[in-house]
Amino acid sequence: MINVTVWHEYRHEKIHKEVSDVYPQGMHSAIAEGLRANDHGGEFTIRTATLDEPEHGLTDEVLNSTDVLIWWGHLAHHEVSDAIVDKVVKRVWQGMGLVVLHSGHFSKPFKRLMGTGCDLKWRESEREIERLWLVAPAHPIASGLPEMIQLEREEMYGEHFDIPAPDELVFVSWFEGGEVFRSGCTWQRGNGRIFYFRPGHETFPTYFNPQVRHVISNGVRWAAPVNTPQPKRGHHPVPLQKLN
Ligand code: ZN
């Protein structure tokens, strides 16, 4: 059983009709629905949380019972309280998985965990094709996927993407304009696993795409906590058995 919390700032849908036309229930609902569509045998318990809820919906009770947190933000990164960001980062160090989507590259938790600027180049066109090439076919996130996923309309994100070198690079994107981008990246921080997945611009129906939903579901399974002890840190006396 994996307890998943889908966090969404949920602002575009409230102020931009072109976004609410695509996601009338909000992007978080479409992402949650995609997890349910890929839930084989009741492995996911899914809830959603949004910025305007008290504590952004991320109370201690919610965070402490979340195995994997999915994060989508764009307009309001700066409105996310630093106290909540501290708690999210600490939970990742303890083992909570974090799946960061699209413009979440500039979110406070992601930037904090990466320690770099996380900037990139971008272009929003009416119509631009993205091809995501699978470059780690043996990776668990690749399970059941074709070697290339084509999205007919997406925003372009281009290199250089200012991130630390990923532990594993799972997807590389090509865009019709010629740019490339590291669009599926993984890292470990403390006991936690982080997966960044690029697609998901708010004006396009990307989170209804079955292959995108499949990737996110694989990412959640991969990022779920491993049953491992919390490392003991600080002063460490010589173990007694070594003295005898
Ligand atoms: Zn975007």
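Analyst: His160 lies in the loop between β8 and β9. Helices (H or I, at least four residues) and strands (E, at least two) are DSSP runs, numbered from the N terminus. The model is predicted: local features need pLDDT of at least 70, side-chain atom pairs count only at pLDDT 80 or more, and totals for chains, interfaces and linings use all residues. Residues are numbered from 1 along each chain as its sequence is written, and side-chain values use heavy atoms, with hydrogens and water left out.

The peptide bond leading from Glu159 into His160 is cis, with omega near 15 degrees. Most peptide bonds are trans, and most residues other than glycine have a negative phi. Glu55, in the loop between β2 and α4 (60–64), is not a glycine but has a positive phi of about 55 degrees. With a relative accessible area of 41%, Glu55 is partly exposed (buried means under 20% relative accessible area, exposed over 50%, partly exposed in between, using a 1.4 Å probe and protein chains only). His102 is also not a glycine and has a positive phi, of about 45 degrees. The place of His102 is the loop between β4 and α6, and at 1% relative accessibility His102 is buried.

His102 brings us to the metal. The zinc ion has as protein donors His102 through NE2, Glu155 through OE and His201 through ND1, at 2.0 to 2.1 Å. Donors here are N, O and S atoms within 2.8 Å of the metal (3.2 Å for Na, K and Ca), and water is not among the atoms, so sites may look incomplete. Along the sequence, the spacing of the donor residues is H-x52-E-x45-H. Glu155 is buried at 5% relative accessibility, and His201 is buried at 2%.

Arg198 pairs with Glu130, their closest N and O atoms being 2.5 Å apart. Arg198 is in the loop between β11 and α7, while Glu130 is in strand β6 (residues 130–134), 68 residues apart. Both Arg198 and Glu130 are buried. Another salt bridge joins Glu179 to Arg123, with 2.8 Å between the closest N and O atoms. Here Glu179 sits in the loop between β9 (168–175) and β10 (180–189), and Arg123 in strand β5 (residues 121–123), 56 residues apart. Arg123 is partly exposed, at 27% relative accessibility.

Helix α7 (residues 210–223) packs against helix α3 (residues 27–37) at about 75 degrees, with axes 9 Å apart. Axes are lines fitted to C-alpha atoms, for helices over the stretch in contact, and angles run from 0 to 180 degrees between N-to-C directions. The contact (heavy atoms within 4.5 Å) involves Ala30, Glu33, Gly34 and Leu35 of α3 with Arg213, Ile216, Ser217 and Val220 of α7.

Notes: A salt bridge is a side-chain nitrogen of Lys or Arg within 4 Å of a carboxyl oxygen of Asp or Glu.
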